Amino acid sequence: MKKKFIVFALVLVAFTSLIFADNLQKVYPVDSPIYSGIKVLYSEVGMAPPSTSGPWSAAEFIHMLQIIPQNSLNQKGKELYSKLLSAIDKPNMDKKVAQGSVKFYPNFEIYQHQNTTDYKYDSDWIYDYDSRKPLLDIPIELYLTDYIYSESNFAFLKTRITYNNQTSTTDSSEIYSPSFNTNYPFGEDLVDQVDLNFPERAVIGMGFMNSALTLGRDDLNFSSGKTGSLTVGDHLDYYDFVRFNTFTDDFKFTYLVAGFDSPSWIDHNQNNTVDDDDITITTDSDDDVSGVSDNDDDNLKMYIAHRFEFRWLNNHLNFALTEAIIYQSSTIDFRYLNPALFYHNLFIRGNANSTLSAEVEITPIRHITIYGNIVVDEFPYPGEDQTSSGAHPNGIGQQYGVEATYLVGPGSLTGWFEYVKTDPFLYLRDGVDYIVQRRMFNMENGLYLDKNFLGYEYGNDIINIATGL
């Protein structure tokens, strides 16, 4: 019995060392082609799409691939499966404490158009700022033991917005209106059009088995939507965040805290939370009060969310529930960072705007996926008097779509249709809104703010019907 136990222990140790010889903590950006590749394979075998909350780690990618029944794939599907598996970085850390790399990716792009009147700004172009490549991209990666990964991306690229001295407003016409242009960012003043806001991606991934903690700056996305997400979308340049997630074959939990620049960072009068009346008292050398002024410039804003994803009906149905708040105050109250709370029951309406979203994705037959997403910001409870002074209008967003995907030749063919409707009151409740801002720096004129909706890219009060291939 003792000999059998010793043999079993040795086999277990050998197996464990084999499992953890690879560092699987690399964090893949949400625009990586690996995501669409795995989604194609799921559709090919009639499974609902994999987890719609990204980015994923290498460990999660491998787990998502392992769920796919390979015997249900045709030859093209098996080739894509092998290609995706080989594309996932799995550096062997056996007998190594650390390893890393510095890579250089030069890109030179030329842009040409004839309509300098209508094509003046970033939003006028299909090939916009987010699509254009930097002149030089320098990713720096580091793997520490089996459990820690880090990446920072330095880049030389043109800024999104320059400063127009004639109108005294931020303007991008200098970059996007010329009929001929390139991605060369240097000019007479050397750095006048260089984007100095890098890195836009700087992450640290730490994990063990099927759990991971991610810290840093990166794009995030919670949705299958084609025109955007009603909760967390990748239309922002980046999020600064801390995130924990854990997953099994049928369940995934995500806890996210993302921070944003203060609404009162430039003008404290923009602050509109319940602690808006903070004051600063100035005293002289004799400790006599010499002045009193309103001041709330230390105001902070962050997004706190927990998300639960379930796979049901033998992998034909996904269901995701996301509860979140935008929290805005002058100080951090750590009570509200509890991931097990029901955020809607915090009763801090003056400092927070809470939302609840439900997402469903179903693949009834191979190649076809139907999805829907509803987010609720405000709605009357049954029996509530809508004529009272404290009543609020509905704040609801809806998103429905259908997608068809087929493996064709060396790639895939995808067609989709989507409908989105958002109420006028969505994202804007009681002044604590889902409009977030990012500080940007320009050598010509210093700091300015770029504002966007956190949630659907096009905001509230819209109906959007779109289709594409």
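A strand, as I use the word here, is a DSSP run marked E of at least two residues, numbered from the N terminus. I noted before anything else that this is a predicted model.

The largest cavity holds about 160 Å³ of space, and among its 20 lining residues I found Ser51, Glu309, Phe310, Arg311 and Asn318 to be the closest to its centre. I then asked myself which element gives the most to this lining. My entry reads that E19 does, with four residues, while the elements that give two or more residues are strand E16 (251-260), strand E19 (300-312), strand E20 (317-329) and strand E21 (352-365). Sorting the lining by residue type, I wrote down eight nonpolar, four polar and eight charged residues.

Entry on the second largest cavity. I recorded about 110 Å³ of space here, with a lining that includes Tyr111, Tyr129, Arg132, Lys133 and Asn183. Its lining residues divide into five nonpolar, three polar and three charged.

Entry on a pocket. I turned next to the second largest pocket, which has a volume of about 460 Å³, and I noted that 19 residues line this pocket, with His344, Arg349, Ser354, Glu378 and Arg429 nearest its centre. By residue type I listed 11 nonpolar, three polar and five charged residues in the lining of the second largest pocket.

How values were computed:
Residues are numbered from 1 along each chain as its sequence is written. This is a predicted model: local features need pLDDT of at least 70, side-chain atom pairs count only at pLDDT 80 or more; totals for chains, interfaces and linings use all residues. Side-chain values use heavy atoms; hydrogens and water are left out. On a 1 Å grid over the protein atoms alone, a cavity is a set of points where a 1.4 Å probe fits but cannot get out, and a pocket is an open set with protein on both sides within 12 Å along at least five of seven lines; lining residues have an atom within 4 Å of a point. Grid points are joined across faces, edges and corners, and a volume is the space filled by probe spheres set on the points. Ala, Val, Leu, Ile, Met, Phe, Trp, Tyr, Cys and Pro count as nonpolar, Asp, Glu, Lys and Arg as charged, and the others, Gly among them, as polar.
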